[in-house]
Amino acid sequence: MLTCKDLMRMLLSAVTFSTLLASITATKFPMTIYADELCYHGVFLVDGDVIVMVSKNLMLPANTRCSIQMQAGTAKSLVASIRSYHMDSSYTHSLDCQYEYIQLETANNTKMLGPLGYCKSERPAGQYILGGTGYFSYVAGPYSPLSTPFVELLVSEVYIKNDSQGCSDGFFNCDRQNICIENQLTCNGYNDCGNDRDEDINCKLTAGVIAGIVVGGVIFILIIVILGALHYRHRKMRLGYIQH
């Protein structure tokens, strides 16, 4: 039978666990947006990081032209990397990209994926610094319908420090291209630094493990509450029996 001391121990364990859980869930995970839902509609403000996909639809109409503008916070920049990529085509020459392509651009119209965009079968490698404002575009030619290309673009908000400076409080040093990212972006399963340092240093819990901990924590706390209620009810009934 549970005593008050046992119940207090369990409640203390629950509080300790909840504190640990709160520190884990402080990690920020990217939301997913779809370019065709935001085409030419204002500016998307990036908060930490975001995943950009072309469309939810499996097929796109001919002559699809879509561009979204992304904006970093004050004194920050955007960097972009393509995590996954598949374009259903046999394009082998750069001139073929006049029919279908993706593009990343800076505010001063620097085309990061080449002057004619990118349409080849292999995934573009590397991380691209877009600056405070960046653009992602997808263009489809006159053929209809077209299979939607699978593009998973990770856009991360970073602070670019001077060579002689360290990262400010609350930021993590990527040790690459003078990039710092928010501490909340580390250990979230996404390579925001571009060299995986934010997923290697002091990262022992995967996203799946964190999800398991969250579910287990909720169940644990519910059990504690139920046991406490049962104990209170049992004690109340016992006191009533003694008084009679």
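This is a predicted model: local features need pLDDT of at least 70, side-chain atom pairs count only at pLDDT 80 or more; totals for chains, interfaces and linings use all residues.
The protein contains three helices and 13 strands. Of its 244 residues, 38% count as buried. The accessible surface of the protein comes to about 14100 Å², and carbon and sulfur atoms contribute 58% of that area.

Four strands form an open sheet with mixed pairing, arranged in the order β2-β5-β9-β7. Strands β2 (43-45) and β7 (100-106) stand at the edges; each has a single partner strand, so one side of each is left without a neighbour in the sheet. From one strand to the next, the twist averages 25°. Strands of a sheet pair through backbone hydrogen bonds, in either a parallel or an antiparallel arrangement. Strand β5 (residues 65-71) and strand β9 (residues 133-140) pair in the antiparallel sense, over seven bridges. The pairing of β7 with β9 is likewise antiparallel and extends over seven bridges. Phenylalanine 136 of β9 is the bridge partner of isoleucine 68, and phenylalanine 136 is also the bridge partner of leucine 104.

Glutamate 105 forms a salt bridge with lysine 111, with the closest N and O atoms 3.5 Å apart. Lysine 111, in contrast, is partly exposed, at 37% relative accessibility.

In total, the model has seven salt bridges. One of these joins the side chains of lysine 56 and glutamate 37, with an N to O distance of 3.7 Å. This pair links distant parts of the chain, 19 residues apart: lysine 56 lies in the loop between β3 (49-53) and β4 (59-60), and glutamate 37 in the loop between β1 (31-34) and β2. Lysine 56 counts as exposed because its relative accessibility of 55% is over the limit of 50%. Glutamate 37, at 47%, is partly exposed.

A further salt bridge connects lysine 76 with glutamate 157 at 3.9 Å, N to O. Here the two residues are 81 residues apart and again link distant parts of the chain, with lysine 76 in the loop between β5 and β6 (77-86) and glutamate 157 in strand β11 (residues 150-160). Lysine 76 is partly exposed, at 22% relative accessibility, whereas glutamate 157 is buried, with a relative accessible area of 5%. Both residues belong to one network, in which salt bridges that share partners join Lys28, Asp47, Lys76, Glu157 and Glu182.

Finally, a nonpolar patch was identified on the surface. The patch is formed by Val218, Leu222 and Ile226, which together have about 280 Å² of accessible area. Isoleucine 226 lies in helix α3 (residues 207-243).

Notes: Residues are numbered from 1 along each chain as its sequence is written. Side-chain values use heavy atoms; hydrogens and water are left out. Two strands pair if DSSP finds at least two bridges between them. Axes are lines fitted to C-alpha atoms, for helices over the stretch in contact, and angles run from 0 to 180 degrees between N-to-C directions. Patches are made of residues with over 30% relative accessible area and no salt bridge: like charges are joined within 9 Å, nonpolar side chains (Val, Leu, Ile, Met, Phe, Trp, Tyr) within 5 Å. Accessible areas come from the Shrake-Rupley method with a 1.4 Å probe; for residues, only the protein chains shown count as cover. A salt bridge is a side-chain nitrogen of Lys or Arg within 4 Å of a carboxyl oxygen of Asp or Glu. Buried means under 20% relative accessible area, exposed over 50%, partly exposed in between (1.4 Å probe, protein chains only).
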